[in-house]
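Dear colleague,

Please find the structure below, followed by a summary of what was found in it.

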Amino acid sequence: MEFSFASRASKLLSSHLHKVNKEERQNSFISLAEELPAEEFFPIKRLGEAARMVLSSDPAVLQYGEPQGYAPLRSWISEDWKLRRGMNTTADQILLTAGTQQAIDLITRLLVDIGDSVVVENPTSPGCLQVLGMQGANIIAVENDLEGLLPDRLEEQFQSVKPKLLFVAPSFSNPTGILWSLERRKAVLELCRKYEVLIVEDDSYGELHFGSQEADSRFSVSYPTLYALDAKGGGNQVLYIGSFSKTIAPAMRTGWAVGDERLIRAMSTLKQMADWQSSSLNQQILYFLLHESSFRWKEHLALLNREYEIRLKLVLELLKRPGFKEVKYHPPSGGMYLWIQLPQGLHSEALLRASMRLGVAFLPGSRCSPGRQADEYIRINFSRPGREELLLGMNLISEAIQEFTARR
């Protein structure tokens, strides 16, 4: 039979990532497109030990758990983020989810009706745009500079429409890697208070910041989360979203949302309708890993940050080669992505087609902005590929760029 898909699903069905994933199965294909951490740094041995201990403890570990998530892990997150990130919260204000994408989906379905306006950064996460598109939101994109979202542009939109939500990622956003300044964080928070707009703060990459140990210790002071800034003033203006997918392993499927207890209770009820609960077993394994085992959480984060910085530096060196002489970029100080502006007149979708014929893929900027407003950009993932893949992949992209510039 023929299937009549909802109109809002059409863009999802045509996603280029389906083709990228199919092509990647070939041994010779290199993907710099995906949102993946490096497998070699997954704590496989420690996770195995934690799994054995949890599974041998009590058959009840395989029962249904609490819809809001495993309470000891929620308490651990509350304490750890208080100590390291200055975020005062309680376990009752935390909902464990199957990653940040589910948290975004839950808050969107909870608050956004078809036609409601939602403001996002331009560019922003493709996953966020997909969720908002499926919900039928009116997506309004506001420009960034290197310090973050532009407050004057944001206020213009707040004055012209009454948005339900503002989605932002102040620390090493996907795709740009921008780190908002403290002044910009405060300015955006004040505007949202003034116009009573709920902020959804995606901090998926906030742990991945480069630099010395001394710089690491100052990070939470110099760049506090919007949630921490808001809570100091006694506000409830921010729903904070985090995840272990980029720091432990994506397959553990554990993220969380932190916010006003009324929001968390409502999201928990909605989550029960979707899947009852995220994996209680995975949550218990994570708790054992983080709290009971010999695993060193801070040392693990430091390892990731050292290694990812090395990979970023390699990509930056490769960008100095003649084939990239017309591209522009701003090196990020954290995260997993490099946002590159192509030579004038070259569109990301056209370059992707040429690059895939050579055996490499990246994310075209057009997928990171409503209305293809970032078509002259591409996003490179530098965290997952190893040195050889980065060398070959960047060289192939350079060849594809040179094909276009030579014709011009």
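Of the contacts (heavy atoms within 4.5 Å) in the protein chain between residues at least 6 apart in sequence, 75% join residues at least 24 apart. This is a predicted model, in which local features need pLDDT of at least 70 and side-chain atom pairs count only at pLDDT 80 or more, while totals for chains, interfaces and linings use all residues. Residues are numbered from 1 along each chain as its sequence is written, and side-chain values use heavy atoms, with hydrogens and water left out.

The protein chain holds 15 helices and 14 strands, which are DSSP runs numbered from the N terminus (helices H or I, at least four residues; strands E, at least two). Buried residues, those under 20% relative accessible area (1.4 Å probe, protein chains only), make up 56% of the 408 residues.

Helices H3 (residues 44-55) and H12 have axes that come within 8 Å and cross at roughly 115°; the axes are lines fitted to C-alpha atoms over the stretch in contact, with angles from 0 to 180 degrees between N-to-C directions. In this pairing, residues of H3 including Leu-47, Ala-50 and Val-54 meet residues of H12, among them Leu-281, Ile-285 and Phe-288.

Ser-280 lies in H12, which covers residues 280-292. Ser-280 is buried, with a relative accessible area of 9%, and touches Gln-63 and Gly-65, residues up to four places away in sequence not being counted. Ala-251 is 29 residues from Ser-280 in sequence and 13 Å from it in space, C-alpha to C-alpha.

With kind regards

How values were computed:
Buried means under 20% relative accessible area, exposed over 50%, partly exposed in between (1.4 Å probe, protein chains only).
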